[in-house]
Structures are given as structure tokens and as C-alpha cells.
Amino acid sequence: MRGVEAAGDGGVEHGAAPPEDGLAAPLRQAAVGDLAAFERVYRELSGPVFGVVRRVLLDVAQAEEVTQEVFLEVWRQCARFDPSRGSVRSWVLVIAHRRAVDRVRSEEAAAARVSAAGRLEPERTPADGVSEQVEHRLEREKVRRCLRRLTEVQRDAVRLTYYTGYTQREAADLLDVPLTTVKGRLRDGLIRLRDCLGVSV
């Protein structure tokens, strides 16, 4: 967590006005669906965003994944940007830092769960481990196949709440939809997943 503390300000220096990055106009254009304008924002800020995320996360692959999530959030939330509260650069870097810290917390929670589960499991033979790995791999593949059968909006809701660890309220904010919409998508998605996986209630 040392990296989290070191990057606690999201990479923005205190005490100085944020530099004019000239990205407010392209962000406004992106908010109405202009992909070329969004590409400009991405080109300007992808390096700094990756730098902030990389300082928090030690794993490069995870840093790249979180960087993609940051720009997905920026694309979905750009209409909410308020220039009176700071520059586009500051806004995006704060999102990047928050996302990276969320990932660290999620990984730590997952590691704690695995550790706790390991303490409860009985001693196993090597053969048990191999058969279990095969079984888990087959189950993961089956879940992936079933997830691909969901609609995109259902998949987003399931991924954010079950795989990324966001609450339903946070998922609604990220997707920029009402909480009831996320709940409905989640319910429908889980019903389809249950049917696909052959899980009886």
C-alpha cells in the first residue's frame, strides 16, 4: 500500500493551479459522442493515467487493464465533467487513482478470502489438486460461455458487481444509469446465467 500513499493526490501537485491542458473542449465534444475528440483526450492522457495507476499497482498487466477501465469510465462520465472544479487532466487522474486503489483493495480482499479458505481446507494429495484444477478450469470456461450469452448491459452489470467488486450503487454511477436499472439488469442477467449453468433454485 506504500504506492497508494505515495500517489494519494492522484499525481496532481498541491498549491498550484492546474495547467490549462486544452482538453475541456474535446471532452465536451466527446460527451455528445464525438469519438475523434475522445481519441485526442486519450492520446493526451493515456500516458499520465498509466503512470498514476502503475505507481499504485505493481503488476503491469493489471495497470494496463485498470487504465482501460479508467478511459471507459471517462467516456461514460464525460458529460458530468465540471470545468469550474479543475482541469480535465486533474479530473481524469483522480479517477485513475481511485480506480487503482479500488483494484488494490479488491485484490487484498480476494487474497484474504483465499487465505481464509486455505486455512479451512483439509490436507490434500497432489492428485486431488490436479483434478480440482481441471474441474475449476472447465467450470470457468462454462461460466465464460454463459456470460457471452448475456446482453452487453447485463454483462456490464454482472462484471462490475460480481467480478470487480463494486456495489450496485457504484455500478449505477459508473454506467450512468439509475440504481433500479442496474438491479433489473443484474436480476435478468443472473437468471439467464442460472439457466445457462443449469443451476436449480
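Visitor: How many cavities of 30 Å³ or more does the count come to?

Guide: Rolling a probe the size of a water molecule over the atoms shows where empty space is left. On a 1 Å grid over the protein atoms alone, a cavity is a set of points where a 1.4 Å probe fits but cannot get out. In this predicted model, the count comes to one cavity of 30 Å³ or more. The model is predicted, so local features need pLDDT of at least 70 and side-chain atom pairs pLDDT 80 or more, while totals for chains, interfaces and linings use all residues. Residues are numbered from 1 along each chain as its sequence is written, and side-chain values use heavy atoms, without hydrogens and water.

Visitor: What volume does the largest cavity have, and which residues line it?

Guide: A volume is the space filled by probe spheres set on the points, with grid points joined across faces, edges and corners. For the largest cavity that is about 40 Å³. Lining residues have an atom within 4 Å of a point; here they are Glu69, Leu72, Glu73, Arg76, Arg99, Arg159, Leu160 and Leu174. Helix H4 gives the most, four residues; helices are DSSP runs (H or I, at least four residues), numbered from the N terminus.

Visitor: How much space lies in the largest pocket, and which residues are closest to its centre?

Guide: A pocket is an open set with protein on both sides within 12 Å along at least five of seven lines. The largest pocket holds about 660 Å³ of space. Of its 25 lining residues, Glu73, Trp91, Val94, Ile95 and Arg98 are the closest to the centre. H5 (88–120) supplies the largest share of this lining, nine residues.

Methods: Helices (H or I, at least four residues) and strands (E, at least two) are DSSP runs, numbered from the N terminus.
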